[in-house]
Amino acid sequence: ATTAEAREGWAPLGPLFSHESESNRTTSSLPSPPFFGPMYAANTRRSLLRFTLLLVGVWACSSPRAVAHAFQPTSVPPLVDVPVWSMATLNGDGTTNFNILTYATPVSIRPDRLYSLGLYKETLSYQNFCRDRKCVLQLLTADHIPLVRLLGGRSGRDVDKERECAEISDDVAFGLQELGSSDLPKVLPGCAHYLLLSASGDIVDGGSHDIAICKVDEMLLPSQDYVANTSSVDYLSTGRLRELGIITEQGRIAD
């Protein structure tokens with residue numbers, strides 16, 4: 001093969017594989033085999049492509065994203081620790097009723113601050129809320145632990161919770177406080193936060209519970225000296241109530 005033929009055969013592979021460099025264009029004394037031509041260059045490119053694809057395949061098979069994982073179906077929901085609230089509503093006779101509510105979560109902040117509430121249908125609190133479409137959500141603290149069985153385990157149809165709160169025990173009493181308006185329920189003293197809520201839109205049927213999206217009309221603290229959201233605020237949680245044996249893993253009041 002001539003030098004020109006050799007250059008023609010090597011050209012597709014670039015200067016790296018050429019017998020001559022840019023700085024020294026002297027003719028190589030080595031003969032160019034017949035297979036060092038265009039066909040050899042094409043075969044080399046195909047080989048490099050196959051090798052690259054092989055490496056990609058090996059990487060994909062060894063990647064953790066491609067490892068098969070055996071998922072285990074379960075009927076047990078995640079047991080999470082959430083705040084414990086009490087929802088205050090007005091009864092038909094103007095007295096106040098309370099419940100224990102753990103299905104409450106913020107869902108939006110603009111243009112209005114919104115909370116989603118899951119309300120158990122078979123309660124007086126649910127009946128009051130559907131009628132008036134408003135409530136006061138109270139974030140309980142550890143001081144309210146003696147009230148949990150009364151507020152969450154007994155129906156307001158059977159007991160006057162407003163009166164019972166003041167007579168809960170010999171050494172603990174929770175005199176209710178007024179918010180300054182007769183169309184609002186009274187509230188428990190010493191809560192970490194008070195949220196005045198009103199229903200926004202229709203209440204959605206969710207089976208055992210209905211879902212209410214509520215606008216936060218006002219947020220209140222228990223006193224002027226109270227600093228919200230500090231480590232000193234020992235708000236009550238479901239995890240704490242489970243540890244004390246007051247509620248079950250299903251969130252019901254324990255027997």
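Helices (H or I, at least four residues) and strands (E, at least two) are DSSP runs, numbered from the N terminus.

## Basis

This is a predicted model, in which local features need pLDDT of at least 70, side-chain atom pairs count only at pLDDT 80 or more, and totals for chains, interfaces and linings use all residues. Residues are numbered from 1 along each chain as its sequence is written, and side-chain values use heavy atoms, without hydrogens and water.

## Largest pocket

A pocket is an open set of points on a 1 Å grid over the protein atoms alone, where a 1.4 Å probe fits, with protein on both sides within 12 Å along at least five of seven lines; lining residues have an atom within 4 Å of a point. The largest pocket is lined by 42 residues. Nearest its centre lie Thr102, His209, Gln250, Gly251 and Arg252.

Five elements each supply at least two lining residues: β2 (96-98), β4 (114-120), α3 (124-132), α4 (148-153) and α6 (238-243). α4 gives the most, with 4 residues.

## Second largest pocket

Trp85, Arg113, Tyr115, Leu139, His193, Leu195, Met219 and Asn229 line the second largest pocket.

## Nonpolar core

A nonpolar core is a set of buried (under 20% relative accessible area, 1.4 Å probe, protein chains only) Ala, Val, Leu, Ile, Met, Phe, Trp, Tyr and Cys residues joined through side-chain atoms within 4.5 Å. The largest has 23 residues. Leu147, Leu151, Cys165, Leu188, Leu236 and Leu241 have the most contacts (heavy atoms within 4.5 Å) inside this core. α4 supplies its largest share, 3 residues.

Note on methods. Buried < 20%, exposed > 50% of the residue type's maximum accessible area, 1.4 Å probe, protein only.
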